[in-house]
Amino acid sequence: MIGSARTEPGAASRPAARAPIDRKRQTSGNEARARAMRAAISVIAEKGTAGLRMSDIAARAGMSTGHILYHFGKKDRLLLEVLAWSQADLWTRFQQAADQAASPAEKLDLFVRFYLPRHPGDERYALWTQVLTQHHDEAGRQVLTELLDGWDERLEAILREGRDLGQFTDVDLPEFTVRAVAMLSGLSEDVMFGRPRWQHASVHTFALSALERELRPTGQ
């Protein structure tokens with residue numbers, strides 16, 4: 001039987017030997033993967049996906065094409081791999097900032113800042129645009145759905161906390177979340193396009209003010 005190797009007397013009481021973890025090597029591997037991911041985001045935002053080559057990413061990352069293939073595997077998985085990494089990185093930084101926030105209102109401010117692109121051509125948002133225009137199989141669609149739902153879940157958690165503390169009015173959380181994210185997505189497209197209306201106005205201030213007006217408790 002596979003896995004039924006003979007055991008010597010007394011061996012069962014001894015813990016299985018484990019190879020020591022090379023923390024330095026593990027950290028180095030994580031850093032290399034992050035470098036590869038950042039390079040891929042940059043190249044995809046700049047060149048799109050039609051003529052994307054692994055060698056382009058390798059050159060941008062200062063790595064060999066073999067190393068890039070090691071981190072991404074097949075090219076057809078590239079976009080989803082990069083997007084998933086990008087979102088995980090973004091959400092980690094968002095959570096670190098939110099953990100330091102003093103109130104749900106501050107967390108809402110952070111959510112809006114992290115959701116909106118920083119400027120026209122923002123690489124992370126450009127990556128989303130590239131990915132959403134591709135054809136995906138069921139597995140790919142599931143990955144994208146989970147990433148999109150991740151934004152909704154984070155916003156709902158902030159709204160729920162504010163409502164429970166009496167700092168936000170009692171809104172329909174799912175319905176408000178859908179409208180809020182739709183508004184932020186529309187504003188994001190404006191920013192990426194570079195619409196003149198935002199050259200002398202803050203899209204962040206506009207979005208946050210719109211949300212706060214609806215969330216402000218009666219009488220305040």
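Predicted model: local features only at pLDDT ≥ 70, side-chain atom pairs only at ≥ 80, totals over all residues.

Me: At what angle do the axes of helix 5 and helix 8 cross?

Reply: Helices here are DSSP runs (H or I, at least four residues), numbered from the N terminus, and axes are lines fitted to C-alpha atoms over the stretch in contact, with angles from 0 to 180 degrees between N-to-C directions. Helix 5 covers residues 104–115 and helix 8 covers residues 173–193. Their axes come within 10 Å and cross at roughly 40 degrees.

Me: Which residues of helix 8 make the contact with helix 5?

Reply: Contact means heavy atoms within 4.5 Å. Helix 5 brings Phe111, Val112 and Tyr115. On the helix 8 side, the partners are Val181, Leu184, Ser185 and Ser188.

Me: Are helix 8 and helix 9 roughly parallel or roughly antiparallel?

Reply: The axes of helix 8 and helix 9 (residues 203–215) come within 11 Å and cross at roughly 165 degrees. That angle is why the pair counts as roughly antiparallel.

Me: How do helix 5 and helix 7 pack, and at what angle?

Reply: The axes of helix 5 and helix 7 are 9 Å apart. Among the residues in contact are Phe111 and Phe114 of helix 5, and Trp151 and Leu155 of helix 7. The packing angle is about 160 degrees.

Me: Which helix gives the largest share of the lining of the largest pocket?

Reply: A pocket is an open set of points on a 1 Å grid over the protein atoms alone, where a 1.4 Å probe fits, with protein on both sides within 12 Å along at least five of seven lines; lining residues have an atom within 4 Å of a point. About 430 Å³ of space lies in the largest pocket, and of its 21 lining residues the closest to the centre are Phe114, Tyr115, Tyr125, Trp128 and Trp151. The largest share, 5 residues, comes from helix 6.

Notes:
Residues numbered from 1 in each chain as written. Heavy atoms only, no water. Helix = DSSP H or I, 4+ residues; strand = E, 2+ residues; numbered from the N terminus. Points joined across faces, edges and corners; volume = space filled by probe spheres on them. Parallel < 35°, antiparallel > 145°, perpendicular 65-115°, else oblique.
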